[in-house]
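Hi,

Here is the structure I promised to pass on. Have a look first, and my notes follow below.

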Amino acid sequence: MATQAGSEEVIMETEAKPEEAEQLGEEAEKGEDAEKVEDAEKGDTETPSHTDAADATTQDSSISNGDDADDEQEKVDLKIIWNKNKYDLKIPVDNTGAQLKEKIHSLTGLPPAMQKVMYKGLLPEDKTLREIKITNGAKIMVVGSTINDVLAVNTPKEVVQQEVKAEENKKEPLCRQKQHRKVLDKGKPDDIMASVKGTKERLPTVPLSGMFNKSGGKVRLTFKLEQDQLWIGTKERTEKVPMGSIKNVVTEPIEGYEDYNMMAFQLGPTEASQYWVYWVPTQFVDAIKDTVLGKWQYF
């Protein structure tokens with residue numbers, strides 16, 4: 001009996017082992033499935049990172065570094081003329097007159113403060129080339145002297161202007177003086193150009209005409225910007241005066257006709273050298289002074 005009982009225990013143990021093997025097999029299969037699920041989850045987690053990297057690459061490639069901003073602007077081709085030299089310049093049409101002066105400085109070496117830039121009159125610094133209506137192929141006249149040339153002038157204009165101003169302060173209004181009354185008493189010319197009081201305009205493209213000179217004869221003023229000359233024309237002749245030789249410009253409104261001025265161009269060091277012009281429309285007075293004397297000058 002003991003032997004039989006012992007054999008039964010052996011058989012029972014033997015039969016139990018397959019069940020344990022099956023449990024181990026199921027656990028192994030579950031472990032493999034868990035690893036597969038975990039790997040799949042990891043794969044899903046890593047996939048967006050590849051997408052994000054691709055998106056970041058695409059986004060970076062679409063960002064401009066800004067170096068080619070000027071190349072995308074609308075530009076005009078200009079011909080710069082200074083001191084008998086010609087320069088080609090391509091510049092954005094939305095640049096201002098001040099920026100154009102900087103470009104001219106890089107071409108010619110002439111400092112912006114020493115430049116008179118002409119395009120249908122004195123070029124305004126605060127307006128863009130588009131606003132001034134500068135087009136392709138436009139000729140830009142530049143007048144100016146180097147600092148050494150300015151310092152070499154024998155009779156500084158500053159001294160002359162100060163002396164003239166001091167003399168003016170001592171005297172009665174110019175329009176009341178006898179020498180001017182004989183011209184002004186003739187009355188306003190019939191063919192004088194119309195005036196616009198309270199405004200400032202650039203020089204017209206046509207000569208200023210219909211005015212009187214000191215002798216009472218008709219006179220016209222033509223500003224030859226490309227030659228830096230002022231042409232003073234009468235019935236008898238035309239005087240071609242270099243603008244650089246004009247020491248000062250004296251102006252005064254005419255009493256009773258404040259929309260017109262009397263104006264003198266001082267061609268020498270004394271009052272005897274003043275060339276008087278009467279009935280100058282007031283809207284052009286500042287433009288004439290700026291063109292003849294130039295804002296670029298320190299004196």
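How many residues lie between E7 and E8 in the hairpin they form? There are four. Before the rest, some ground rules: this is a predicted model, where local features need pLDDT of at least 70, side-chain atom pairs count only at pLDDT 80 or more, and totals for chains, interfaces and linings use all residues. Residues are numbered from 1 along each chain as its sequence is written, and side-chain values use heavy atoms, with hydrogens and water left out.

Strands here are DSSP runs (E, at least two residues), as are helices (H or I, at least four), numbered from the N terminus. Two strands count as paired if DSSP finds at least two bridges between them.

For angles, axes are lines fitted to C-alpha atoms (for helices over the stretch in contact), and values run from 0 to 180 degrees between N-to-C directions.

E7 (residues 229-233) is joined to E8 by five bridges, and Ile232 stands opposite Glu239 in E8. E5 (residues 208-213) and E11 (residues 274-281) pair over two bridges; there, Asn213 has Val277 in E11 as its bridge partner. Contact means heavy atoms within 4.5 Å.

**The four-stranded sheet**

The other one I looked at is open too, with mixed pairing and the order E2-E1-E4-E3. Its edge strands, E2 (85-92) and E3 (116-118), each pair on one side only, and the twist averages 30° from one strand to the next. E1 (residues 75-82) and E2 are antiparallel over eight bridges, with Tyr87 in E2 as the bridge partner of Ile80. Helix H2 (residues 97-108) lies across E1, E2, E3 and E4 (138-143), at about 140° to E2.

**Met118**

Is Met118 buried or exposed? Met118, in strand E3, is buried, at 3% relative accessible area (buried is under 20%, exposed over 50%, partly exposed in between, with a 1.4 Å probe and protein chains only). Leaving out residues up to four places away in sequence, Met118 touches Lys139, Ile140, Met141, Leu225 and Thr291.

Cheers
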